[in-house]
Amino acid sequence: MTTTRRQSAPGSSGYLDVYPDRKISFFKNPFILGLTAVAGIGGMLFGYDTGVISGALLYIKDDFEAVRQSNFLQETIVSMAIAGAIVGAATGGWINDVYGRKKATLIADVIFILGAIGMAAAADPTVLILGRLLVGLGVGVASVTAPVYIAEASPSEIRGSLVSTNVLMITGGQFLSYLVNLAFTRVRGTWRWMLGVSAVPAVVQFFLMLSLPESPRWLFMKNRKNEAVDVLSKIYDIDRLEDEVDFLTALSEQERQRRKNIKFGDVFRSKEFRLAFLVGAGLQAFQQFIGINTVMYYSPTIVQMAGFRSNELALLLSLLVAAMNAAGTILGIYLIDHAGRKKLALCSLGGVFASLIILSVSFLNQSSKEHYGWLAVLGLVLYIAFFAPGMGPVPWTMNSEIYPEEYRGICGGMSATVCWVSNLIVSQSFLSVADGIGTGSTFLILAAITVLAFVFVVLHVPETKGLTFDEVGLIWKERAWGKNADSQNLLAQGTENQS
């Protein structure tokens, strides 16, 4: 009976087979596209910050002797934003659940704006680092909020593409940051402009968000049904709207009862939640440990390591890397709801492994022939070409859809925290490790981690393409308790509650 109900849920494959005219295509609804674009500005802030610091760092070193002489200070300037993002992501899940996705976004914007102003006005490295911390807090909250907000407003048949649009905004922000970096290379106060301009998209998002509604699923959870129906009416036609409202109404009371007993530790006590969190957090960790932000944060520095000493040339070549990142993400938006999440991740990891081998070879041989410098640039471009369509959007998309409603904020926040902690470890250690064992050997380590990521995806990651949230939940029940998921799960839940 449960399986039949799930197959007939609005947006499920069974439902859309019966009512193919109710299926929504990517460009069919301007409202959901507009909501995705505005929410995605949070992704742009994320991307702009990761991209802009790589170019700004070249000029910060020129202004501050202490920074130029210390790899530790350089790494701290980069990674302090990540440290802030860890705190922002850890608290972002709670902020989302208590105050809603909309207010969480507005809070993130205010924090980011204050940080951007602080960075632009910094008189010494300490103030700059504090500004980076504030910016990171805003980015951390936004990194939890934007994917969940988009996913909860999205029809299930295009949810992957819409959440991936947030990743496109991240890569678009990185590309924009390199354009801004190039624009200000000959302007007085170079890096101050580069960092200060980041306040502009945050201001734009703040005012645009004021006109957007709250997530309909969050409204249902807070027993604000009339407001939720008003939002859903802008997404679905009347026939599917009635089905969506009936379905969410039936679920909402049950979920509200479960939410009254939510505890942080429940995520680790429940077998099905542990399995979901393993996949979500594992994907986020591997996304970082295969080296993406090594490439994005330090691509101008890597280009200089490869033998191209001009700051402007380094930024120009890094612009090519950022352009490939954005173009690859556009391809990923199409593929993620067609090829599927798992296949896309596996193909991506295979290409990333080959690219890291090319980078390693180029740096291990850079002293022997000049053309190995260009081979390093080729490796960077190929890395992004393979990473962007797959391991770029897949972790964020899956983390927005694999957790049950009542734990989506908590689990999403914890998983994003894993992402930022992993990001911090990589960015804080890359230059020092490369200096200690050599850049070529460092890329070999990243290649070995990529192999582990490939095995992880093969063994643990399910395919969620086209599934409703309810159908995704059934995957974890079946993995935890077998095919007789519902009866065994109820028995297990009763035992857990007694304990």
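The model is predicted; local features require pLDDT of at least 70 and side-chain atom pairs pLDDT 80 or more, whereas totals for chains, interfaces and linings use all residues. Residues are numbered from 1 along each chain as its sequence is written, and side-chain values use heavy atoms, with hydrogens and water left out.

The protein contains 25 helices and 0 strands, taken as DSSP runs numbered from the N terminus (helices, H or I, at least four residues; strands, E, at least two). Of its 499 residues, 60% are buried (under 20% relative accessible area, 1.4 Å probe, protein chains only). The accessible surface is about 19,000 Å², and carbon and sulfur atoms account for 65% of that area (Shrake-Rupley method, 1.4 Å probe). Of the contacts (heavy atoms within 4.5 Å) between residues at least 6 apart in sequence, 82% join residues at least 24 apart.

Leaving aside residues up to four places away in sequence, L356 touches I290, Y383, F443, L446, A447 and T450.

A search of the whole structure gave 7 cavities of 30 Å³ or more. A cavity is a set of points, on a 1 Å grid over the protein atoms alone, where a 1.4 Å probe fits but cannot get out; lining residues have an atom within 4 Å of a point. Volume is the space filled by probe spheres set on the points, which are joined across faces, edges and corners.

The largest cavity holds about 180 Å³. It is lined by 21 residues, with S154, R217, Y236, E244 and F469 closest to its centre. Helix α14 (238-259) is among the elements that supply at least two lining residues, and its 4 residues are the most given to this lining. The lining comprises 12 nonpolar, 4 polar and 5 charged residues (nonpolar: Ala, Val, Leu, Ile, Met, Phe, Trp, Tyr, Cys and Pro; charged: Asp, Glu, Lys and Arg; polar: the others, including Gly).

The second largest cavity holds about 160 Å³. Its lining consists of 16 residues, and I170, Q174, Q287, I292 and F387 lie nearest the centre. Helix α9 provides the largest share of this lining, 4 residues. By class, 7 of the lining residues are nonpolar, 9 are polar and none is charged.

Notes: On a 1 Å grid over the protein atoms alone, a cavity is a set of points where a 1.4 Å probe fits but cannot get out, and a pocket is an open set with protein on both sides within 12 Å along at least five of seven lines; lining residues have an atom within 4 Å of a point. Buried means under 20% relative accessible area, exposed over 50%, partly exposed in between (1.4 Å probe, protein chains only).
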